[in-house]
Amino acid sequence: MAARRALKAVLVDLSGTLHIEDAAVPGAQEALKRLRATSVTVRFVTNTTKESKQDLLERLKKLEFDISEDEIFTSLTAARNLVEQKQVRPMLLVDDRALPDFKGIQTSDPNAVVIGLAPEHFNYQILNQAFRLLLDGAPLIAIHKARYYKRKDGLALGPGPFVTALEYATDTKATVVGKPEKTFFLEALRGTGCEPEETVMIGDDCRDDVGGAQNAGMRGILVKTGKYRAADEDKINPAPYLTCESFPHAVDHILQHLL
């Protein structure tokens, strides 16, 4: 690992770290204000595929988080960028609320499959349609491969199991664009002038948030909110730089030890 430099940027996960559905993590708004009062650049990175960036922003504003659109980097944005690069017409297996982020993308007569979290669409018929496209050579683009996520009513299956099912059935490998992919974290830093060695990532997903960030050369702080489960920190090697109770505790640590 490269030598540590002074901290210049903090990447913050949203769902499970700052909020769970329509409830903020206690003290998170205040902690964010304290972090913003320093000289570090703050960016928000999310794998959410359940809603468009606009809807997400509305949700965060209602929860009184002071966050602007250009500070959020989502896996939907990364997926759209890849679709445009590859110049393909995707079958979009995403929640209807995420569709605005693909506005203007040609989807008739699809020759690619883009899969996110789409509980309403994960039925046999639609998955079978995707399966047949892939057999015909269409590329599979996974917005991310999270195993599960946290809802108000408990843990719920993420898109990962469905992506894996399609990979297994068709003997193909998906191109994954969201966390924990290294390119996702580097893209999130683009334009900030900050290097991975000068960055800390805070999140509730040990593999995708913390492991992914650490593989990209950042430090990772795991919070015990959201999808966190006991002993998650033992699931990655190297272990998280720090495991703490919640986002406000992570901010305390940054202010006391890293600045």
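In what order do the six strands of the open sheet lie, and is the pairing parallel or antiparallel? The points below begin with that sheet.

1. Basis of the note. The model is predicted, so local features need pLDDT of at least 70 and side-chain atom pairs count only at pLDDT 80 or more, whereas totals for chains, interfaces and linings use all residues. Residues are numbered from 1 along each chain as its sequence is written, and side-chain values use heavy atoms, with hydrogens and water left out.

2. The sheet. The order is E5-E4-E1-E12-E13-E14, and the pairing is parallel. Strand E5 (72–74) and strand E14 (242–244) form the edges, each pairing on one side only. On average, neighbouring strands are turned by 20° against each other, direction ignored. Strands here are DSSP runs of E with at least two residues, and helices are runs of H or I with at least four, numbered from the N terminus; two strands pair if DSSP finds at least two bridges between them.

3. Strands E1 and E12. Four bridges join strand E1 (residues 9–13) to the parallel strand E12 (residues 199–203). Ala9 has Thr199 as its bridge partner in E12.

4. Helix H7. This helix (residues 206–215) lies across E1, E12 and strand E13 (219–223), and runs at about 165° to E13. Axes are lines fitted to C-alpha atoms, for helices over the stretch in contact, with angles from 0 to 180 degrees between N-to-C directions. Contact means heavy atoms within 4.5 Å.

5. His253 belongs to helix H8 (residues 247–258) and counts as buried because its relative accessibility is 17%. Leaving aside residues up to four places away in sequence, His253 touches Tyr241, Leu242 and Leu258. Lys86, in helix H3 (residues 75–86), counts as partly exposed because its relative accessibility is 40%. Buried means under 20% relative accessible area, exposed over 50%, and partly exposed in between (1.4 Å probe, protein chains only).

6. The domains. The domain assignment gives domain 1 (9–47 + 179–258) and domain 2 (88–176); such bounds come from an automatic or database assignment. Between them, the two domains bury about 1100 Å², 50% of it on carbon and sulfur atoms. Glu21, Asn47 and Lys227 supply 42% of the area that domain 1 buries against domain 2, more than any other three residues. Buried area is the accessible area (1.4 Å probe) that two parts lose on being put together, summed over both.

7. A salt bridge. Lys152 forms a salt bridge with Glu21, with the closest N and O atoms 3.5 Å apart. The rule requires a side-chain nitrogen of Lys or Arg within 4 Å of a carboxyl oxygen of Asp or Glu.
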